[in-house]
Structures are given as structure tokens and as C-alpha cells.
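My entries follow in the order I made them.

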Amino acid sequence: MLSRVANSIYWLNRYVERAENIARFIDVNLNLILDSPTGMTQQWDPLVKITGDSPLFQERYGEVLPENVIQFLAFDRDYPNSILSCLQAARENARSVREVISSEMWEQVNAFYMMVTEAAPKQNLASLHDFFTQVKLASHLFAGIMDATMTHNEGWHFGQIGRLLERADKTSRILDVKYYILLPSVNDVGTTLDEIQWMSLLRSASAYEMYRKRQHRINPTVVAEFLILDRDFPRSIRFCFLNAERSLHEITGTPVGTWRDPAERALGRLRSQLEYMTIADIFETGLHEFINTLQEQLNGVGQSIFNAYFALEPMVEAVEEIKPISSIQTQTQTQTAIGS
């Protein structure tokens with residue numbers, strides 16, 4: 001598979017998943033506002049802080065108001081990580097590989113983009129909650145269509161890796177919302193308000209029902225363990241790493257548990273760390289500190305995948321590696337090296 005095609009399918013899936021997870025991200029706060037007691041102060045600034053783009057927000061919007069934050073994260077065409085910008089990028093990636101993906105995939109990502117484009121930013125909170133639900137469902141539909149209509153070859157596995165790495169990153173950020181936003185005071189720990197906040201977080205990760213089937217009470221430690229270390233829940237970080245690693249080994253053909261390039265090594269090491277980690281280890285380090293480190297390691301995995309599979313070596317280097325025997329043979333070998 002050409003690196004250009006693999007790269008486009010990888011980022012097509014990352015962008016669709018990112019749009020979904022930004023919707024979940026905002027939905028954490030919307031659920032809290034709807035569920036919290038009357039008179040509780042709304043907190044929107046932490047949503048921007050967790051993205052790491054506070055300076056850009058301050059430069060463009062200044063005051064942290066609900067409508068500004070929602071416009072920035074959902075509908076801002078000039079902010080590359082907004083829902084609208086992510087879907088525009090996903091659509092362009094899909095357009096560039098229409099000969100590889102199914103027509104149903106193209107139609108869904110195009111319809112998804114048009115749905116968000118036509119949405120009105122200035123809606124009340126209840127309507128926005130419905131809009132973000134539509135975003136999540138449209139993302140699920142795209143993933144299901146891809147799974148059902150695309151051959152499960154290298155391209156499909158690159159798409160899976162992109163989706164799962166993005167999901168792991170955003171699940172960690174949804175958890176980090178708790179650190180930044182959900183608890184106005186340590187005096188609220190263990191109170192009804194604290195429980196409502198953890199329930200809202202679980203719902204925003206579509207994890208509430210699955211969590212309650214295993215655990216009757218809302219326990220912060222168990223909630224964090226479920227979202228980080230569970231092997232079977234599809235939005236847990238550990239599940240994402242396990243299945244991303246499987247797809248990577250399907251591409252390379254090397255057995256799971258071994259590695260032959262830095263990408264396999266980086267992802268395998270990150271997965272194995274979670275395999276032997278307990279929630280007590282995480283809380284001993286500090287949940288926020290653990291998440292920060294995890295996100296840095298995820299960035300490293302993404303860079304390793306880019307270097308190993310997507311980065312194109314300069315043409316000059318490819319030519320210099322070939323030992324010329326004759327002018328005709330050198331030209332043939334160069335074309336082979338560049339096209340391989």
C-alpha cells in the first residue's frame with residue numbers, strides 16, 4: 001500500500017474519531033450543567049485548558065463565555081481541532097482515497113460534514129446536547145460502515161490504528177476533565193454532587209450502563225480503573241492499545257510481543273505498561289500526572305508511526321543509496337526505490 005493512501009485512511013479515521021470525542025468532551029460540561037444543583041457556577045475555561053489551546057482561544061475570543069467556548073470547539077473553521085475543521089479534514093482525506101474506500105464510507109463522511117456545517121451554533125443548551133448526540137451517532141455510523149463495507153486489509157488496519165489511538169487520547173482527556181472542572185472544592189469529595197459528576201463523566205464516555213452492570217455504586221477509583229485499565233470495554237485506554245497493537249502487527253506480519261521497528265516498540269511498550277499497572281499505581285502517581293505522561297507517550301507513538309510508515313524519504317537520498325552500474329540500470333533502480 002502506498003504511504004500516501006495509508007496516511008490518508010489513518011487520518012480520515014483519526015479526524016472522525018476526534019470530532020466525536022470533542023462532542024463528548026463538551027457534553028461532559030453540558031451534562032453537568034443540566035444535572036447540577038441550581039446556583040452552581042458554570043465552568044467553561046477548563047474545557048479550553050485541557051485542549052492545550054488556551055493562548056489561541058484568548059487571542060481570538062478573549063472572554064470565556066459558554067457561547068465562545070462552544071463556537072471555538074465545535075464550529076470554528078479557523079481552529080484546526082474544532083468539530084467542523086476535523087470533519088472538513090476527514091472529508092478531504094476521504095476524497096483523496098475514494099478509489100480505496102467504499103462509496104458508502106465517502107457518502108457517510110460527506111453527509112456527516114454537511115450535517116455539522118448546517119447546524120446552527122446559537123442554540124440553547126438542550127438543543128446543543130441533541131446536536132452532540134447526533135455527532136456521536138454519525139461517527140458510530142461511519143465506523144460501522146467502514147467495518148462492514150471495506151476489505152479488512154492494510155488500509156482498514158491503518159484506519160483502526162488511527163481511530164483507537166485518537167480514542168485513547170480523548171478518553172484520557174475526558175478523565176482529565178474531572179481534575180480540572182468537576183470538583184469545585186475538596187469538601188465535595190464523596191458527596192452527592194461528586195457522584196453526579198462521575199456519573200456525567202461516564203455517560204459522556206458512553207460507559208455508564210456498562211459500568212453499572214459491573215458495579216452498583218459510583219466509586220471514583222473504580223470509574224477511573226474502568227476507563228483506563230478495562231480489557232473489554234471499547235472506550236477504555238487499555239482496550240484501545242491492545243487492539244491498535246494487534247492491527248499494527250497485522251500490517252507488519254510480526255508476532256504480537258515482538259517488534260521490528262520503532263513504531264511497534266513504542267506502542268508495545270505503552271501497552272505493556274498498562275498490562276502490569278494497577279489503579280493504585282496510577283493514583284499513587286496522581287491521576288492528572290499519569291494522564292499527562294500518557295498523552296506525551298501517545299504523541300511519541302503517533303510520531304513513530306508517521307516516521308515508520310508515512311514519511312517519504314527525499315528523492316536525493318533514495319538515488320544516493322543506489323550504486324550506479326549503467327545509466328539505464330540506474331534509472332530503473334531509482335524508479336523502483338522511489339515507488340516502493
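**Entry 1: a loop residue.** I looked up Ser 206 and found it in the loop between helix H9 (192–204) and helix H10 (208–214). The model is predicted. Phi of Ser 206 is near 50°, a positive value, and the residue is not a glycine. I noted a relative accessible area of 41% for Ser 206, so it counts as partly exposed.

**Entry 2: charges over rings.** I then checked Arg 203, whose charged end sits over the ring of Tyr 208, 4.4 Å from the ring centre. I also found Arg 265 with its charged end over the ring of Trp 259, and here the distance to the ring centre is 5.6 Å.

**Entry 3: aromatic pairs.** I asked how many aromatic pairs there are. The count comes to 13, with ring centres required to lie within 6.5 Å. I then took up Phe 57 and Tyr 61, with ring centres 5.2 Å apart and planes at 20°. This pair is stacked because its planes are under 30 degrees apart. I looked up the exposure of both residues. Phe 57 is buried, with a relative accessible area of 1%, whereas Tyr 61 has 21% and counts as partly exposed. Buried means under 20%, so Tyr 61 at 21% is not buried.

I also listed one aromatic cluster, which is formed by Tyr 10, Trp 11, Tyr 15, Phe 158, Tyr 309 and Phe 310.

**Entry 4: helix H4.** Is helix H4 (residues 66–75) largely enclosed or largely open? I found seven of its ten residues buried, so H4 is largely enclosed by the rest of the structure. The buried residues are Asn 68, Val 69, Ile 70, Phe 72, Leu 73, Ala 74 and Phe 75.

**Entry 5: H12 against H13.** I compared the axes of helix H12 (residues 237–252) and helix H13 (residues 262–275), which come within 9 Å and cross at roughly 150°. Angles over 145 degrees count as roughly antiparallel, so that is how I logged H12 and H13. Their crossing is left-handed. On the H12 side, residues making the contact include Ile 237, Phe 241, Leu 242, Leu 248 and His 249. On the H13 side, I noted Leu 267, Gly 268, Leu 270 and Leu 274 among them.

**Entry 6: H12 against H15.** I next took H12 with helix H15 (residues 287–310). Their axes come within 14 Å and cross at roughly 15°. The cut-off for roughly parallel is under 35 degrees, so H12 and H15 are roughly parallel to each other. H12 passes H15 in a left-handed crossing. I listed Ile 237, Phe 241, Leu 248 and Thr 252 in H12, which meet Leu 294, Leu 298 and Tyr 309 in H15.

**Entry 7: His 140.** Last, I located His 140 in helix H7 (residues 125–149). At 37% relative accessibility, His 140 counts as partly exposed. Which residues does His 140 touch, leaving out those up to four places away in sequence? I found Glu 20 and Arg 24. I also checked His 140 against Val 16: they are 124 residues apart in sequence, and their C-alpha atoms are 9.4 Å apart in space.

Methods. Residues numbered from 1 in each chain as written. Predicted model: local features only at pLDDT ≥ 70, side-chain atom pairs only at ≥ 80, totals over all residues. Heavy atoms only, no water. Helix = DSSP H or I, 4+ residues; strand = E, 2+ residues; numbered from the N terminus. Buried < 20%, exposed > 50% of the residue type's maximum accessible area, 1.4 Å probe, protein only. Phe/Tyr/Trp six-rings, centres within 6.5 Å; stacked < 30°, edge-to-face > 60°. Lys NZ or Arg CZ within 6 Å of the ring centre and 35° of its normal. Axes fitted to C-alpha atoms, helices over the stretch in contact; angles between N-to-C directions. Parallel < 35°, antiparallel > 145°, perpendicular 65-115°, else oblique. Left-handed = near helix turned anticlockwise from the far one by under 90°. Contact = heavy atoms within 4.5 Å.
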